[in-house]
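Let's take a walk through a protein together.

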Amino acid sequence: MNNLKASYNKILRTINNLEKQESYLVQIRKPKLNDKEVVSLVLVAEYLGIDSEYELFRKMPKSLSLKIERSVYNRRKRKLFPFIERIRGRMSKAIISNEEYHIVDSMPLEICKMSRKHRLKICKEEFTTSPNEGFCASQQTRYYGYKLHAVCTIQGVFRSFDLSKASVHDIHYLHDVENLFSNVTILGDKGYLSKQIQIDLFNYHKIKLEVPMRKNQKDYKEQPYLLRKSRKRIETLFSQLCDQFNIRNNYAKTFQGFKTRILAKITALTVIQLINKQNNRNINNLKISIA
């Protein structure tokens, strides 16, 4: 296994190069670990595939574990959500600042089996953020939980993401996309097929939405092979999140904890890509030693 302390130091140095401010939370007493150090600890845990906080603190060197308690670490991690998202955005821009083509897609995030959905109590603090039942067209199955919507570049760098209830249709995420991008081409699958939305995105936001047509549509034209092949990059990213970062494993009890875990995994993937770029390696070679 990669050395936890060395990997932690590497990630902390990478964050320090992007972010000068050390603390963002209001603290009555100055903590022994500043906010950037806590974020680095969160990211190194995701990089090493450590989902259990108990296991993380068991493997941590005393130079770190004596500076923060597990309960404090858990609370601060959830409160640092906006700060982690800010760092992720800066990392994304540092990897590639401008890109003409982007890809949009979604993936299901199941939090329990269908047979247990009526007994489930987690993530139900508020109705607006509580999970519900949805359908995954690619797997032809129903599931209970959430849906992860994301936009990435052709190179495989996440630009934006959001969580929704499982029942929310993919096409509704385009209303968020229109406020984040302009003068770009976005590739999507047939779930984003809507002539009116394509026209509105182009006329009002200069966004060209490229979606393959259904074969029974009038004036059917097959989408160019290069665009079909490029769109699979986001599916590869989703597979890496499932395989290496265990994004489908849920141990959170609240929605705030759940979304923080998802953000931490995506940010950990992004920081590995940034370190790969700095070392002149393929940015999508994620199963490597960073330190």
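Predicted model: local features only at pLDDT ≥ 70, side-chain atom pairs only at ≥ 80, totals over all residues.

Which of them gives the largest share? That's H9, with 5 residues. Sorted by class, the pocket lining has 10 nonpolar, 7 polar and 7 charged residues.

A pocket is open, but a cavity is a space where a probe fits and cannot get out. How many cavities of 30 Å³ or more does a search of the whole structure find? It finds 1. The largest cavity holds about 80 Å³ of space. Its lining is made up of Val42, Ala45, Glu46, Ile50, Asp51, Ser52, Glu53, Leu56, Tyr73, Lys77 and Arg261. Helix H2, helix H3 (53-59) and helix H5 each give two or more residues to that lining, and the largest share, 3 residues, comes from H2. By class, the cavity lining has 5 nonpolar, 1 polar and 5 charged residues.

Now for the helices. Take helix H6, residues 81-95: at 1.5 Å a residue its 15 residues should span 21 Å, and its end C-alpha atoms are 21 Å apart, so the two values agree. Buried in H6 are Phe81, Phe83, Ile84, Ile87, Arg88, Gly89, Met91, Ser92 and Ile95. What covers these buried residues? The cover includes helix H1 (4-18), helix H2 (35-47), helix H5 (70-79), strand S4 (158-165) and helix H10 (255-278).

H1 also has 15 residues, and it reaches 22 Å from its first C-alpha to its last, close to the expected 21 Å. Its buried residues are Leu4, Ser7, Tyr8, Lys10, Ile11, Leu12, Thr14 and Ile15. They pack against H2, H3, helix H4 (62-65), H6 and H10.

Next, head for the largest nonpolar core. It has 72 residues, and the members that touch the most other members are Leu148, Phe158, Phe258 and Ile262. H10 gives the largest share of this core, 12 residues. Apart from it lies another core, of 16 residues, among them Val104, Tyr173, Leu174 and Leu201. Back in the largest core, have a look at phenylalanine 258. Leaving aside neighbours within four places in sequence, phenylalanine 258 is in contact with Leu109, Ile111, Cys123, Tyr146, Leu163, Asn250 and Ala252.

One of those contacts, Cys123, deserves a stop of its own. Cysteine 123 sits in the loop between S1 and S2. Is it buried or exposed? Cysteine 123 has a relative accessible area of 0%, so it is buried. Its backbone is worth a look too. Most residues other than glycine have a negative phi. The phi of cysteine 123, though, is near 60°, a positive value. Aspartate 219 also has a positive phi, near 60°. Aspartate 219 is in the loop between S6 and H9, and at 61% relative accessibility it counts as exposed.

Lysine 117 is in the loop between S1 and S2. Why does lysine 117 count as buried? Its relative accessible area is 17%, and buried means under 20%. Not counting residues up to four places away in sequence, lysine 117 touches Cys112, Lys124, Glu133 and Tyr144. Glutamine 223 lies in the loop between strand S6 (207-210) and H9. Glutamine 223 is at 9% relative accessibility, so it counts as buried. With residues up to four places away in sequence not counted, glutamine 223 touches Glu210, Val211, Pro212 and Arg228.

Notes: Residues numbered from 1 in each chain as written. Heavy atoms only, no water. Helix = DSSP H or I, 4+ residues; strand = E, 2+ residues; numbered from the N terminus. Nonpolar A, V, L, I, M, F, W, Y, C, P; charged D, E, K, R; others polar. Expected span 1.5 Å × (residues − 1). Buried < 20%, exposed > 50% of the residue type's maximum accessible area, 1.4 Å probe, protein only. Contact = heavy atoms within 4.5 Å. Core = buried A, V, L, I, M, F, W, Y, C linked by side-chain atoms within 4.5 Å. 1 Å grid on protein atoms, 1.4 Å probe; cavity = no way out; pocket = protein on both sides within 12 Å on 5 of 7 lines; lining within 4 Å. Points joined across faces, edges and corners; volume = space filled by probe spheres on them.
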